[in-house]
Amino acid sequence: MVGLGDIEAFFSLKDRFIKWRNTKPVVTNTAQRFIRLFEAHGISRAQIPRFFGHNLTINQVEDEIELSKILDTNLLEAVATLFGIRLEWLEGGTDELYDINHFYKQSQKFGEWLDSLTADTDKIKIDGWLLTTKFKTDQYDALILMREKIGELADENIYRYYFCEQWIYGYWKCRADIAACVAQGWKRNQYITGRILTQKVFNKFISLKFVPDSELEDTVIANQRFQAEDLTLNPNFFVQGLSEGQFGIENAVALWLEYQQLGFMDSGFGNKRSVFEQFQLKN
């Protein structure tokens, strides 16, 4: 059967993907982009020197002319690293804030990547979301978004965000890979929960042009919840909404079992292999 089941067809979707058109925030210079980045993360201008340091003063951050005088390459690199965004965005060379970490057909690398984030200390706090939306097309409609706590202000956590692949939620290969990533997060107590976003908000995320979970950016993650970990526990939930009918269901479950055998489906809730094998026999 030819279609989404063909790997070349899947990658052609990436080539054909048209970036969503969003109204861009009015940002015309590096100083404005610098300020927007902090404010989108919940840090006001006057709080920037206290949070970021680097000998910045309140006068500098409240006066764009003064700020532009001291924004050298070292300072821009430091803030880009702090928030995990592209240096080129601060420099005005791209509209996209974020790069994407790719895990399609290599879901085992997701766990390795999580381990690399916490290699130097076990005090790093990481969790995230499986974000999806209700429209069903042959384009991306799911995203794994992870966040790492990098500080606090007024008892509010400040986060760095990581975009982990863009997925077609109804495609059986993507579904198994998503489940494996969710499992590896839960196994490490880096919990990935599910949210169904409106199409408007999801489009903002997938454009890579907006800071996530920000009131200023209109990207607050507060919509319908679902238990993403059920992808690793419940075969009925795991196959829900898959495309390609019986073919998609059979192959998704077979791939789930293959990943489980390799150790990628252990989310810390016990071995669910027999549950999926029984489901496979009935279907």
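Biologist: How many aromatic pairs does a search of the whole structure find?
Modeller: A quick caution before the count: this is a predicted model. Rings of Phe, Tyr and Trp pair if their centres lie within 6.5 Å. Searched on that basis, the whole structure gives a total of 18 aromatic pairs.

Biologist: Let's take the rings of phenylalanine 34 and phenylalanine 52; is the pair stacked or edge-to-face?
Modeller: A pair of aromatic rings is described by the distance of the centres and the angle of the planes. For phenylalanine 34 and phenylalanine 52, the centres are 6.2 Å apart and the planes stand at 70°. Planes over 60 degrees apart count as edge-to-face, so this pair is edge-to-face.

Biologist: How many residues apart are the two partners, phenylalanine 34 and phenylalanine 52?
Modeller: Phenylalanine 34 belongs to helix H2 (residues 30-40), while phenylalanine 52 belongs to helix H3 (residues 48-52). Their pair links distant parts of the chain, and the separation is 18 residues.

Biologist: Which ring pairs up with Phe34, Phe38 and Phe52 in a cluster?
Modeller: Phenylalanine 34 and phenylalanine 52 are both buried. Ring pairs link these two and Phe38 into a cluster with one further member, Phe83.

Biologist: What is the relative accessibility of phenylalanine 34, which counts as buried?
Modeller: Leaving aside neighbours within four places in sequence, phenylalanine 34 is in contact with Ile48, Phe52, Leu56, Leu67, Leu71, Val79 and Leu90. Buried means under 20% relative accessible area. Phenylalanine 34 counts as buried because its relative accessibility is 0%.

Biologist: And what is the C-alpha to C-alpha distance between phenylalanine 34 and leucine 71?
Modeller: Leucine 71 is among the residues in contact with phenylalanine 34. The two are 37 residues apart in sequence, and in space their C-alpha atoms are separated by 8.9 Å.

Biologist: Moving on to the strands, which ones stand at the edges of the sheet?
Modeller: The sheet is open, with six strands in the order E1-E4-E3-E2-E5-E6 and mixed pairing. Two of the strands have a single partner strand each, so one side of each is left without a neighbour in the sheet. These edge strands are E1 (100-101) and E6 (224-226).

Biologist: Which residue in the hairpin of E3 and E4 takes a positive phi?
Modeller: That hairpin has two residues between the strands. The positive phi, near 50°, belongs to alanine 154.

Biologist: Why is E3 described as largely enclosed by the rest of the structure?
Modeller: Burial is judged residue by residue, with under 20% relative accessible area as the cut-off. E3 has 12 residues, and it is largely enclosed because the number of them that are buried is nine.

Biologist: Which backbone nitrogen does the side chain of aspartate 141 reach?
Modeller: Aspartate 141 lies in the loop between strand E2 (126-133) and strand E3 (142-153). At 2% relative accessibility, aspartate 141 counts as buried. At 2.7 Å, its side chain reaches the backbone nitrogen of tyrosine 169.

Biologist: Which charged end sits over the ring of tyrosine 169?
Modeller: There are two such arrangements to point out, one being arginine 147 over the face of tyrosine 159, at 4.1 Å from the ring centre. Over tyrosine 169, at 3.9 Å from the ring centre, sits the charged end of arginine 175.

Biologist: Finally, which helices do the buried residues of H12 pack against?
Modeller: Helix H12 (residues 245-261) has 17 residues and spans 25 Å from first C-alpha to last, close to the 24 Å expected. Its buried residues include Ile249, Val253, Trp256 and Tyr259. The buried residues of H12 pack against helices H9 (172-187), H11 (235-239) and H13 (273-282).

How values were computed
Residues are numbered from 1 along each chain as its sequence is written. This is a predicted model: local features need pLDDT of at least 70, side-chain atom pairs count only at pLDDT 80 or more; totals for chains, interfaces and linings use all residues. Side-chain values use heavy atoms; hydrogens and water are left out. Helices (H or I, at least four residues) and strands (E, at least two) are DSSP runs, numbered from the N terminus. The expected span of a helix is 1.5 Å times one less than its number of residues. Buried means under 20% relative accessible area, exposed over 50%, partly exposed in between (1.4 Å probe, protein chains only). Contact means heavy atoms within 4.5 Å. Rings of Phe, Tyr and Trp (its six-membered ring) pair if their centres lie within 6.5 Å; planes under 30 degrees apart count as stacked, over 60 as edge-to-face and the rest as tilted. A charge sits over a ring if NZ of Lys or CZ of Arg is within 6 Å of the ring centre and within 35 degrees of the ring normal. A polar contact is a pair of N or O atoms within 3.5 Å; within protein, one must be able to donate a hydrogen and the other to accept it, and residues adjacent in sequence count only if both atoms are side-chain atoms. Two strands pair if DSSP finds at least two bridges between them.
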